[in-house]
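Open the model in your viewer and keep the selection panel handy. We will go from one selection to the next, and at each stop I will tell you what is there.

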Amino acid sequence: MGGRGKTLGTIDLHVASRVRERRIVLGMSQRQIATALDLTFQQVHKYEQGKARISADRLYAFSKVLSVPVTFFFEGITDTSPPAAPLSSGDHTEELGRREAGELLAAYRAISDPVLRLSVRRLARALAPEPNGSTAKAPESQRRRPSRRLRT
């Protein structure tokens, strides 16, 4: 995957996916990031796809351009996590890498009304399948109560 006989590890691939995720959430193009970092967009593409390792100084520069602390790129890494799957190229099949997910997150963050944000989260949970594939009903506390309106 890398040049000179080096291969990228799980953490390198995780960092690459976090760079890409953040760029998409901000609605920035690879060309915009490249210009800000004085790189070519091809180099940014290689970084995001995990085809080139991101050095510490370059990661620091990414953190400034993407307005996140350097630790952002390492969030979600655990010692017991399985090796990361290769990043997808082209059709953006990785869930967090999808442009739609980034757009949805950006739109959600723009909602200032906390009650409306809660409604959006509930709607998303209602529309999504259970994470374990279960079709079990929600606990009693989360179910809607039937209407007490009398029909005439």
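Begin with helix 1 and helix 3, which are oblique to each other, a word for angles that are not under 35 degrees (roughly parallel), over 145 (roughly antiparallel) or 65 to 115 (roughly perpendicular). Their axes cross at roughly 120° and come within 6 Å. Axes here are lines fitted to C-alpha atoms, for helices over the stretch in contact, and angles run from 0 to 180 degrees between N-to-C directions. Helices are DSSP runs of H or I with at least four residues, numbered from the N terminus.

Before you select residues, note that this is a predicted model: local features need pLDDT of at least 70 and side-chain atom pairs count only at pLDDT 80 or more, while totals for chains, interfaces and linings use all residues. Residues are numbered from 1 along each chain as its sequence is written, and side-chain values use heavy atoms, with hydrogens and water left out.

**Stop 1**

**Stop 2: the rest of helix 3**

Now show residues 41-49 and pick out V44, Y47, E48 and Q49, which are buried (under 20% relative accessible area, 1.4 Å probe, protein chains only). The buried residues of helix 3 pack against helix 1, helix 2 and helix 4. Just after helix 3, click on G50, where phi is positive at about 75°.

**Stop 3: helix 2 against helix 4**

Select residues 30-37 and 56-65: these two helices pack at an angle of about 115°, with axes 10 Å apart. Helix 2 brings I33, A36 and L37 to the contact, and helix 4 brings R58, A61, F62 and V65. Those residues divide into six nonpolar, one charged and no polar.

**Stop 4**

Most residues other than glycine have a negative phi. Which value does phi of D38 take? Phi of D38 is near 55°, a positive value. D38 sits in the loop between helix 2 and helix 3, and at 72% relative accessibility D38 counts as exposed (over 50%).

Finish at S67, in the loop between helix 4 and helix 5. S67 is not a glycine, yet its phi is positive, at about 55°. With 58% relative accessibility, S67 counts as exposed.

Technical notes:
Contact means heavy atoms within 4.5 Å. Ala, Val, Leu, Ile, Met, Phe, Trp, Tyr, Cys and Pro count as nonpolar, Asp, Glu, Lys and Arg as charged, and the others, Gly among them, as polar.
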